[in-house]
Amino acid sequence: MVMYGNEGILCMNGVDKINILDNRDVKEECINKREYEMFVEEHETGGFLQSIDWSRVKEGWGCEPVVVRDSEGNIKASMMILIRSVPLLNMTYMYAPRGPVCDFTDEDTLKELMLKVNNLQKRYRAFALKTDPFIEEGDRLSIDNMKKAGFEYLIARDGYETIQCRSNYVLELEGRNEDELYKNFHKKHRYNIRVAERKGVKCGFYGVEKLDDFYELMRETGERDNFQIRSKDYFARILQKMGNKARLCMCYYNDKPISGALIVNYGGTMSYLYGASSNNNREVMGNYFMHWTIIKRCKELGCSTYDFMGIPYYYDKNHPNYGVYRFKKGFGGRIVNYAGEFRKVYYPVIGRIILRIMNWLGYKL
């Protein structure tokens, strides 16, 4: 089954307003984009996946931001929801990546936010909503409040079963200078960084002008490690729609690309979205030097965190993905285990039938 996007869900009016338009002739509602982005960027549970700019990356999806305000009119909770239509059924599916953005210990505000989301569900006949918020695994109060707000907790899902990985590797940068961070790396990582420096590896930050080099590395990596890669257009949209927040970090040896990363700096966190490396010149240790270069850039920009992102199956030394964790672990960070996914099904019978069919077809709903 192919899922197509809802046209007309979101349109932009200049640079400051988000006009949320139903296809069914309802009253227009406006949210100030600058105010919304400021709230998400500054909130401790916010992240780039809840940015309106990220919704523009997701081709084929509509977008609806929902907010709750305090008594003074300031945003105190928000959720950017992606909406996709299901052909033949006149229904849609909603997904809020790393949403909502709020104080999860505030049960009343969370319920108020969900009342607004429920109104949205009725407008678009959504059969289900999925979220995967920045709630850590042991935070029972926040998990319970999500359940009280009407969500089913999909606690059993892990690894490749979830849309966003439940386990990330994170390096905290605040309170430590470059020398202190470097000394905390594994000695083998420090040695490999010095190898790259001695060999004359060059590393820098670029935009779409280096996309062809990055995509060729992604193609090589996908073939080598046997996984399907995103299209070049997808990577281009990230670089274009996220503006100066998204960059390519590229390493070159003898003027040939040997490693690359697509990174996003949002809300004080630098996130390592995609990484790739060449089959050639692996002995010059470009990947190690690349991450050290990114970490130094994080310090220059005042980032508080470098998120190496997913480490699925880090706990299984026999899993093929364990090497990814071992590499990231050498930079001296920590494992963060998130609670995982929450789902709300709006039509108990037909909704769950659709979910079974879609999951059988390979969708992670």
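**Exercise 1. Helix H11**

Which exposed residues does the face of H11 turned away from its buried side carry?

*Solution.* Start with the ground rules. This is a predicted model, where local features need pLDDT of at least 70, side-chain atom pairs count only at pLDDT 80 or more, and totals for chains, interfaces and linings use all residues. Residues are numbered from 1 along each chain as its sequence is written, and side-chain values use heavy atoms, without hydrogens and water.

Step 1. Find the helix. H11 spans residues 350-360. Helices (H or I, at least four residues) and strands (E, at least two) are DSSP runs, numbered from the N terminus.

Step 2. List its buried residues. They are Gly351, Ile354, Leu355 and Met358. They cover an arc of only 105° around the axis, which puts them on the same side of H11. The arc is taken from the directions from the helix axis to the C-beta atoms. Buried means under 20% relative accessible area, exposed over 50%, and partly exposed in between (1.4 Å probe, protein chains only).

Step 3. Recall the helix rule. An α-helix has 3.6 residues a turn, so residues three or four places apart point the same way.

Step 4. Turn to the face away from the buried side. Arg356 and Trp360 are the exposed residues there.

**Exercise 2. Packing partners**

Name the strands that the buried residues of H11 pack against.

*Solution.* Look for contacts (heavy atoms within 4.5 Å). The partners are strand E7 (91-96), strand E8 (126-131) and strand E17 (341-345).

**Exercise 3. The largest nonpolar core**

Identify the residues that touch the most other members of the largest nonpolar core.

*Solution.* Step 1. Define the core. It is a set of buried Ala, Val, Leu, Ile, Met, Phe, Trp, Tyr and Cys residues joined through side-chain atoms within 4.5 Å.

Step 1. Of 46 residues, Trp54, Phe214, Ile238, Val264 and Tyr274 touch the most other members. Helix H8 (residues 232-241) gives the largest share of this core, 5 residues.

Step 2. Not counting residues up to four places away in sequence, Phe214 touches several residues, including Phe235, Leu248 and Tyr274.
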